[in-house]
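Visitor: I'd like a close look at one part here, please: the contact between the chains. Take your time and walk me through it.

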2 protein chains.
Amino acid sequence: MVKETRRVLLIGLAIGSLGIISFLNVGQISRKIQFDTSISKDATAAVLQQFLAYDEKPFTKVTFEKGTYHFYPDKGLESFCHISNHDDVLISTAFPITNKKNITIDGQGSTFIFHGRMVPFLIEHSEYISLQNLSIDWAQTFHSEAEVVAIDEANHTFDIQISDEYPYEIRNGQVYFIKEYYEHTIGQSILYDPMRNAIAFDTESYTPVTSYTKLPVAQRATPIIHKYKADHNAPPLKQLNREWQLEMTEVAPGRVRIANHKKKLPPVGMILAAKGEQSQNRIAPAIRITHTVGFSANQVNVHHAGGMGLIAENSENLTLDNFNVIPSNGRMVSATADATHFVGCRGQVTLKNCTLNNQLDDGLNVHGTYQEVMDVLGDRQVGIRIGHYQQLGFEIGRPGDQLGLLKLDESFFPYAQLTLENIEVLNGRYQILTFKEKLPEDLESGDLLENLDAYPELLVENCDIGSNRARGLLISTPKKSVVRNNKFHTEMEAILLPVESSHWYESGSASSLLITGNTFQDCTHSGQNRGVIRLVTDDDNENVAFKNITVTHNTFNQFDNLILEINNTEKFEFSENEINNSGTFPQLFPENPVVKVRSSSQLVFENNIYRGRATTLFESDEEGAGLTF
Amino acid sequence: MVKETRRVLLIGLAIGSLGIISFLNVGQISRKIQFDTSISKDATAAVLQQFLAYDEKPFTKVTFEKGTYHFYPDKGLESFCHISNHDDVLISTAFPITNKKNITIDGQGSTFIFHGRMVPFLIEHSEYISLQNLSIDWAQTFHSEAEVVAIDEANHTFDIQISDEYPYEIRNGQVYFIKEYYEHTIGQSILYDPMRNAIAFDTESYTPVTSYTKLPVAQRATPIIHKYKADHNAPPLKQLNREWQLEMTEVAPGRVRIANHKKKLPPVGMILAAKGEQSQNRIAPAIRITHTVGFSANQVNVHHAGGMGLIAENSENLTLDNFNVIPSNGRMVSATADATHFVGCRGQVTLKNCTLNNQLDDGLNVHGTYQEVMDVLGDRQVGIRIGHYQQLGFEIGRPGDQLGLLKLDESFFPYAQLTLENIEVLNGRYQILTFKEKLPEDLESGDLLENLDAYPELLVENCDIGSNRARGLLISTPKKSVVRNNKFHTEMEAILLPVESSHWYESGSASSLLITGNTFQDCTHSGQNRGVIRLVTDDDNENVAFKNITVTHNTFNQFDNLILEINNTEKFEFSENEINNSGTFPQLFPENPVVKVRSSSQLVFENNIYRGRATTLFESDEEGAGLTF
């Protein structure tokens, strides 16, 4: 029903004198619309009107006079969205860029401030869309921050001081942070160090704050037998067998005492950033792109998002130049999930001159999806199951795409290929795929499908990625990728090349990757025992997953020993790199070697300079022991 | 994206020998499809296939061989639905009866058992759809039942025994009832009396069980200023300033002790029926009809629904004959909300020979909607706000309909009329309405709109309505209505004629209603001080709301005094009725008169027989004192 609205022109505007938004039409004659300044207090209706009228009055450029514009959901266009790696949401937008072509939105330095569950830019089934010279922020954030102001070792409690920016109340011993259109508990949480404006050193010793404890066995419900495979990571099943662990009490206005935390007490002065419950807290990415060819963002700042800075699905040729995810207003946190994320994209994905800082998840993640064969429905047809609840409704490709069939316990590479003819999405979890060819005889329920055509080439250049929770880059594309001249300062791996199928169902393995000219400054400082660059699969076998990886001319300034973890890799070159001990933090794992190798072959290490403190350079399951720098 | 699926034919079936579903095509040649009995274990895919292929292979009749068929959501067709008087839901169905014509579905006595969040029959934008000879039930209910087995007056606790049919666990002192695809707390609750198989006498003294208490002021969040009118009845705002009140502990397997209840301890032997939180528990009505002309149900039993038995919106000419909402499997509860509910319907609505028993809300509710003028957008256009969160997305009418404009504090009847030209649904709460005529000059923000054309004539005949929570019939249509030869046994009013705007935004007032030949057996036994038949507005003024109401030749067997409450009424006749004291329950309000009258005129009382115990017949604000039976 919401869809019908798009056919109708919204009319009726207040007319005034200040604040100019220009819509340049296709004939290059600028339509200028003047707004009362009061419009900038909620620009939603005025902007939405132009997008809803696009078919009758198309335009190629929308220009905002420099200023601050607010957008509220109350008069926005609503739609129910499955968004990959987000929760399914009913969202509101003032910029429904759906089935549109050749539009540039130029903020001329404006700041757009959003309120509540909105997706600032919803770009679907479009071509050649550009955003430039604008900043995206939210009036009230989807996360909350509080300073650790006291600890009591004897009682193992700590106190946090919550500023007026983050209103809260305490119900049954749990803090709820109250927003205009939303509320959240502590839920997922981490420490920031305000002196470094980055994730606190060794945060894993202190966080996440222990939200839940398991129920005693006697208190649990009789298990229910499900007819079909059930997802115990998704609600409501994820709520089973657990209850709140923490006890919180207000000891003074804004000051809350937290008891029953099971990790170490966090250091006084640190900032606790909390974003609420997984499966409820990824609801408002700043930019959502799907089924779109040609997107660019230029001088765009994302100061906040209730989810990712940018999530692109099934799209092609995306360029982010001077796209910056950075906090505003003295906040520690920028986006509450990844800065950028690309699923099933193709063509070229480019990030250059970007700052991706302080977000609560990875700087970039590029991958496809694995979909699981559930039913063989005929000669050329299968019923598939979406594995992760944040991929519901995801379409694996388009007609003509080559899909690979995999048995991951046998190989990370397909045993057969099929040409996609049709996708029928019956529901978020279940789809029927029809192929041009007959199914191979050895196809069976449980096999995985991936789209071999839906991986992009990747360039990440001159970017500053760090001060965030989690990784810098997760790269799962077999296409040619270059990571050049970047600076990393991440609390987990700076670069992670994964293959995993059992939890996230994110497909693809790096097969042609050059990592060069980068500086890795004190990464992996969260307390986890991992390399700065890590190649790893979650399937415990010796099969090759990664190929042709070159790490050359990089500088690693690292406080600890472990630099590289190489697993399941064929042809890996590590050359002309410089490794220094930074002395920034105390070593956490002094017994570690510099490089760990398992199930890998054709490794080359040459011309590297090592100035670290490790006493062992290599730890390997076989021939690696003979390797030298 | 889900919409696209309907274009595609689902193929591939297991072939077997037992269980026959026939699809009779338009040419009257029956297509018979044979199913393996295993298909009856999940008939969803097989049935859905036929509906998805309807455009290529239309049919007029679907016949099920008598049997039991299960339907699971896992392979159903999913869509996001705004359903009036329900929560907005992502639902799954095997019967997507959308844009279809002339279809009869004949179960031949079959039982269809649903699992989880499904809408068994989703009927949208269709014509002449019939259901017959089938029963709808759920494997696991959306509510839970437990027997009160002990009370402890000293500690003011009571114990309930929960059977294996209702698995549960206790988290932080709260019981959660666990289902296949759902869970709920105690939330909304009421007592049933298993000896009477009906709501317990005086349940208001014991229930609802006290789920919440207000937070101490100091513990509450600083109030947030909302730019637009905010709905404090809807989540997340409704969650503010309250916390769990009850403390529950398991004292033996299946036996849970409940402390902190603020009402009287419920009598041992009663059944506590609990359905969880308002705003989360109306998600799976048995039959949903919208924008449909011509619907009939014949010999259809609804044994359960996670919401209403039947909810019809914006539809025309609906006949329920032998449509029965009755519990199965020894359960106390049938549907967890109203048995039947009609919003913005027109033409004729008929219920005959129906049993509407044991549901957790009204037997029937017929009304329109009030929508609030929020913005005047131009000469002929307004922005409206939907008042209640369970009416989101509701469309007030269709082009050409006469809408009335109201200022309810001045009159219950419109001060002007406008012809609807177009509705643009921007989001669930906000729509833009365009009219053929210019807006009247006295129209202002806050005025209400109702659709004067979208009220039906109503006939309720030979029905048995009762043993349910709440009312029998709520009638808010000004069109000719007849309530004849029914039997009522309801815990609140048997017949309520309301006008209210401030909470439910349900429009319409009865203006031509005949109530005749009915038996009212011990209604209003909940403990509330109300009449068996009650005419009332929630606006405190003396304006006329109701007209031409005749109550004649009925029998009232009532344990207490109060029979009639008449407010804001013009022309009311009460004649040839018989009132007996039943002696079934103790009197709760012995001081009451038989009839209460306020702000009403042209009342006729004649030829009634009174055999009750009241010492006062009338209590009136003016001339009523002179009235006689």
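Guide: Quick orientation: UniProt's unreviewed entry puts "domain: Right handed beta helix" at residues 458-608 of chain A, in the numbering used here, though such annotations may be inferred rather than shown by experiment. This is a predicted model: local features need pLDDT of at least 70, side-chain atom pairs count only at pLDDT 80 or more, and totals for chains, interfaces and linings use all residues. Residues are numbered from 1 along each chain as written, chains are lettered from A and ligands numbered from 1 in written order, and side-chain values use heavy atoms, without hydrogens or water.

Now the contact (heavy atoms within 4.5 Å). It takes 68 residues from chain B and 69 residues from chain A. Together the chains bury about 5900 Å², 56% of it on carbon and sulfur atoms; that's accessible area (1.4 Å probe) lost on putting the two parts together, summed over both. All (100%) of chain B's interface residues are interface residues in chain A too, so the copies meet through the same surface.

What about charges? The rule finds two salt bridges across the interface, meaning a Lys or Arg side-chain nitrogen within 4 Å of an Asp or Glu carboxyl oxygen. One of them pairs Asp375(B) with Lys75(A), closest N and O atoms 2.8 Å apart. On chain B's side, E13(B) gives the most, with four residues; strands here are DSSP runs of E, at least two residues, numbered from the N terminus.
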